[in-house]
Amino acid sequence: MKPFATLVITSTTILFGVTIPVVYAQAQTPAYRLIQRDMAASNRIQVQITPGRATPISFTQTNEAIAYILVADPSRLVYTTDTDLKNGRATTIFLRAIQPLKFPGATTTSITNLLVQTVDKTGQKRLYNFDIVPVRRNTGYVGIQIANAITSGTAPRRGVASESSGIAGQQTLLIDKNRRARVDDIETGLKIAINRGYTNKSDPVVPKVQQVLSLLRNSRVTIPEAATSVGVTVEVISELGRIALNDRLLRLGQQRSSVMHWGK
């Protein structure tokens, strides 16, 4: 996805008036991806794990205790909790990648899922489904934090303003001073990016953007919240909206030019 990535970096540089540095292994990474509790419970959340590093999934902010854990394919993953599940006070899971093991009769997959059942102080149970994605590079976050509400720490970056709506699918994102992109614009921008070769259908960012679109159309969350929940930067979403808006402006100009030509 090099052409698309270059386009995003270039456009973002113009928008903010600063240069985005290349992120190397020693660069600082955000502490946690904050995901709103109801969104996490109703969607499959991707969790990236890196060899040699532990990745936590924490429920401390929601005051939920972990009651049960199931790894569908345990041949590549092990986990521990901050305290024994039997005492009803475990709130954090620590995931670690391991060398593949062979279990007689078991099936394996490159991306398995982790099921976590929790119970809160009122006795309400919730079931969370996490897709565990092994990666070789350092992830863009230390771990996952499930939160009652997305507050400070997940606000849109400078120059990016989002507007939620009482109706799912009507959220907008400020692209520049006078233009806002809608959810449909983001989808159109993705299609244009694929058609023009900025990215391709096999690029990992494509299904992530599609998941963002699904979240926006099925829940009342802001665009940055949806992007954060699946691990897509707001700049990528913003650039897709910009591509669609610019394409619409170009076609409108062509139509006006054609009308003026035939009117002579």
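Which residues is Leu95 in contact with, leaving aside its neighbours within four places in sequence? They are Val47, Ile49, Arg53, Ala54, Thr55, Ile57, Leu77, Val78, Tyr79, Leu114 and Ile132. Contact here means heavy atoms within 4.5 Å.

Before going on, the conditions. This is a predicted model, so local features need pLDDT of at least 70 and side-chain atom pairs count only at pLDDT 80 or more, while totals for chains, interfaces and linings use all residues. Residues are numbered from 1 along each chain as its sequence is written, and side-chain values use heavy atoms, with hydrogens and water left out.

Leu95 is also one of the residues with the most contacts inside the largest nonpolar core, along with Leu114, Phe130 and Ile237. That core has 50 residues, and helix H4 gives the most to it, with seven residues. A nonpolar core is a set of buried Ala, Val, Leu, Ile, Met, Phe, Trp, Tyr and Cys residues joined through side-chain atoms within 4.5 Å. Buried means under 20% relative accessible area, exposed over 50%, and partly exposed in between, using a 1.4 Å probe and protein chains only.

Next, the strands. Helices (H or I, at least four residues) and strands (E, at least two) are DSSP runs numbered from the N terminus, and two strands pair if DSSP finds at least two bridges between them. Strand S8, residues 125-134, pairs with S2, residues 44-49, in the parallel sense over six bridges; Gln48 has Val133 as its bridge partner there. S8 also pairs with S7, residues 112-119, antiparallel, over eight bridges, with Asn113 opposite Asp131. S7 and S8 form a hairpin with five residues between them, and in the turn Gly123 has a positive phi of about 95°.

Now Lys208, which sits in H4, residues 205-218. Not counting residues up to four places away in sequence, Lys208 touches Gln46, Gln48, Val230, Gly231 and Val232.

Last, helix H3, residues 183-195: its buried residues include Val183, Ile186, Leu190 and Ala193. Just after H3, Gly197 takes a positive phi of about 85°.
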